Amino acid sequence: MNQEKWLICPICGSKTRLKLRKDTILEKFPLYCPKCKQETLINVKQMNISVIKEPDAQTQSR
């Protein structure tokens, strides 16, 4: 019996349009939340979700 659960947005905490199974593996996945309209990079392994923090882009000065 495979356990499934909805993927929860790490920013606002609402359900996204994706379901996770116990054997789902995602690396550097761009998760989009339809409620808060934010995109977040995540890793998922064995139903453990970790958010990837990327540094903000720096503007180049001339």
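Trainee: What stands opposite glutamate 4 in β2?

Mentor: Arginine 21 does. This is a predicted model, where local features need pLDDT of at least 70, side-chain atom pairs count only at pLDDT 80 or more, and totals for chains, interfaces and linings use all residues. Residues are numbered from 1 along each chain as its sequence is written, and side-chain values use heavy atoms, with hydrogens and water left out.

Trainee: How do you know that β1 and β2 pair?

Mentor: A strand is a DSSP run of E with at least two residues, numbered from the N terminus. Two strands pair if DSSP finds at least two bridges between them. Strand β1 (residues 4-8) and strand β2 (residues 15-21) are joined by 4 bridges, so they pair, and they run antiparallel. Together they form a hairpin with 6 residues between them, and glycine 13 in the turn has a positive phi of about 85°.

Trainee: Why is threonine 16 called buried?

Mentor: Threonine 16 lies in strand β2. Buried means under 20% relative accessible area (exposed is over 50%, partly exposed in between, with a 1.4 Å probe and protein chains only). Threonine 16 has 6% relative accessibility, so it counts as buried.

Trainee: Which residues does threonine 16 touch?

Mentor: Among them are Trp6, Ile8, Leu31 and Tyr32, not counting residues up to four places away in sequence. Contact here means heavy atoms within 4.5 Å.

Trainee: What is the strand order of the open sheet of 3 strands?

Mentor: The order is β3-β4-β5, with antiparallel pairing. β3 (25-32) and β5 (48-51) are called edge strands because each pairs on one side only. Between β3 and β4 there are 6 bridges, and tyrosine 32 has glutamate 39 as its bridge partner in β4. Between β4 (residues 39-45) and β5 there are 4 bridges, with lysine 45 partnered by asparagine 48.

Trainee: Which residues form the covered face of β4?

Mentor: Thr40, Ile42 and Val44 do, while Glu39, Leu41, Asn43 and Lys45 form the uncovered one. In a regular strand the side chains alternate between the two faces of the sheet.
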